[in-house]
Amino acid sequence: MTFHELKVSEPILKAIDAMGFVEPSPIQREAIPYLLQGENVVGQAQTGTGKTAAFGIPMVEKTENQRFTQGLILVPTRELAIQVAGELQKIASHKKGLVILPIYGGQSIERQIRSLSRGVHIVVGTPGRILDHLERRTLHLDHVIFCTLDEADVMLDMGFIDDVRAILSRVPEKAQKALFSATLSPEIKRLVQDFVENPRFITIPHKELTVPNISQFYYEVRESEKPQALTRIIDYYNPNQTVVFVNTKVGVEELKEKLHAAGYEVEALHGDMKQTQREFVMKRFRAQHFDILLATDVAARGLDIENIDLVVNYDLPQDEEYYVHRIGRTARAGREGTAVTFVTLREIKRLKEIERYIKTRIERRRLPTLQDIEKIQTQAILDEIASVIEEGGLEKYIDILTEGLSTYDSVDIAAALLKMVMGEQPEEELSPVEENSPTVRLFLTIGRETVDIRGLLAWISDLTGIRSQELGRITMREGFSFVDVPREKLDDFLSRLDRQKYKGKTVRVEIARERK
Ligand code: ADP
Ligand code: MG
């Protein structure tokens, strides 16, 4: 399937070709024909599935170089306004004279008013500021023929529902409407019912959500070892640009301190920062002024940067959906990317839930050792040396060496240089989690008052198939017990036993807290 077959016109085909799009993504394949035919569309698809072009291409097709605003796109954040406007400008690059303007709070309103008065064909804006312009009568929607709500769920999450409704009620009723959202909550359904007549519903199933170009791995780490594990991963993968997801703002700030202390250049992005601050950080990241961005989920929503080749889930996301959003930050525009997740022992079960949700296996890897990293770094230097030799022009240096160090063998000299370039690596070796603990201690909310040890063992073996010989130390108290389980049986044990009933009482099983 090609864009040509979707009946996209020549100038736009040329533009999307230049953007590197070879074939339409699933949501584009489904939405573009309907939208070109003038139908309303409600699309449910996760981040990274190409929604912008799905509505952007038809919108640019339908917009003509007249004096009125014909297209309106509502987005939740200023970053998205800029991003979506940028993508539409690219799509429209071979359509002369189309003006597409992002409009958002925080930017000088006078400047926006001037731009609007010169004539804008498509406005991409955040609800608050759009409403502001409507009230000042500096923006008119009477000639709008196409209106899109992008990331509708986020807009509602951010409390824009009233603004969105106020704006939609001023869009001509006969205008074509499109709404995109990751979820179709009851509130969104009501919005659709009230404003989107007779829509075509498009859902892109989860299987197509995760981009095939993302390699996904997980690493078992202790909480306390995470900072070191992170620097290890970054040194090993040697990415262009990395986004590290941390669950809390405080966590982001703490990690930032630690990484600074370790000599890494990083910056943070979280919800406590002002819009202007956030935008400044984003701009610098996009321009590659620094290469590691630490972010919380909310702050990184919709972030689209082409060069991100590594995403690290420093903390396991609180929700499966977040996992999909996070890893979607890499492998943009058909590139390749890697997503790495840190998992502590007691989180393995939740990782399995994520695997089930995304219908993909996340492969387990061992943390690279210092030797692994050294090997990779040496190889990089050797590659560079080889290319310098290929380039030639070494005569001057050969002369210097033959004069200055004539008594030494050339391989020795090269080895000495390599040692100098590599520098010393005095870092301590991390001990892999599993070697320290062949068994995992579990806590069960069942004790001697309900069952004796033989009854407990029989019940365990009944439900899990694990026999008593395979279990380690067992400690029973009145109301609870501890059982040591071999690591490799941990998943089975937890999934088959936790929340099962013994004589009518639900038994909880969890990994016992380490005693410090
Ligand atoms: P979404 O809005 O669904 O999160 P975007 O529209 O931001 O996704 O697209 C994600 C990335 O994929 C962007 O970098 C975009 O340029 C790229 N992209 C979109 N459609 C295609 C396509 N058909 N082929 C290749 N890359 C695409
Ligand atoms: Mg989008």
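Predicted model: local features only at pLDDT ≥ 70, side-chain atom pairs only at ≥ 80, totals over all residues.
Tutor: Residues are numbered from 1 along each chain as its sequence is written, chains are lettered from A and ligands numbered from 1 in the order in which they are written, and side-chain values use heavy atoms, with hydrogens and water left out.

Student: In what order do the seven strands of the open parallel sheet stand?

Tutor: Helices (H or I, at least four residues) and strands (E, at least two) are DSSP runs, numbered from the N terminus. Two strands pair if DSSP finds at least two bridges between them. Here the pairing is parallel, and the order is S3-S4-S2-S5-S6-S1-S7.

Student: Which strands are at the edges of that sheet?

Tutor: An edge strand here has a single partner strand, so one side of it is left without a neighbour in the sheet.

Student: What residue stands opposite Pro-102 in S4?

Tutor: S3 and S4 (residues 122–125) run parallel and are joined by four bridges. Opposite Pro-102 you'll find Val-124.

Student: Is H3 parallel or oblique to H4?

Tutor: Axes are lines fitted to C-alpha atoms, for helices over the stretch in contact, and angles run from 0 to 180 degrees between N-to-C directions. The axes of H3 (residues 51–62) and H4 (residues 78–91) come within 10 Å and cross at roughly 50°. Angles under 35 degrees count as roughly parallel, over 145 as roughly antiparallel, 65 to 115 as roughly perpendicular and the rest as oblique. That makes H3, relative to H4, oblique.

Student: Which residues of H4 does H3 meet?

Tutor: Contact means heavy atoms within 4.5 Å. On the H3 side, the residues are Thr-52, Ala-53, Phe-55, Gly-56, Ile-57, Met-59 and Val-60. Their partners in H4 are Val-84, Glu-87, Leu-88 and Ile-91.

Student: How do H10 and H15 lie relative to each other, roughly parallel or roughly antiparallel?

Tutor: The axes of H10 (residues 226–237) and H15 (residues 370–391) come within 8 Å and cross at roughly 30°. By the angle cut-offs, H10 and H15 are therefore roughly parallel.

Student: Are the residues on the two faces of S11 buried or exposed?

Tutor: Buried means under 20% relative accessible area, exposed over 50%, partly exposed in between (1.4 Å probe, protein chains only). In a regular strand the side chains alternate between the two faces of the sheet. In S11 (residues 292–295), Ile-292 and Leu-294 on one side and Leu-293 and Ala-295 on the other are all buried.

Student: Which residue in S11 is the bridge partner of Leu-269?

Tutor: S10 (residues 266–269) runs parallel to S11, with four bridges joining them. S9 (residues 241–245) also pairs with S11 in the parallel sense over four bridges. For Leu-269, the bridge partner is Ala-295.

Student: Which strands stand at the edges of the four-strand sheet?

Tutor: This open sheet has antiparallel pairing and the order S16-S17-S15-S20. The edge strands each have a single partner strand, so one side of each is left without a neighbour: S16 (474–476) and S20 (509–511).

Student: What is the bridge partner of Phe-443 in S20?

Tutor: S15 (residues 439–444) and S20 pair in the antiparallel sense over three bridges. In S20, the partner of Phe-443 is Glu-510.
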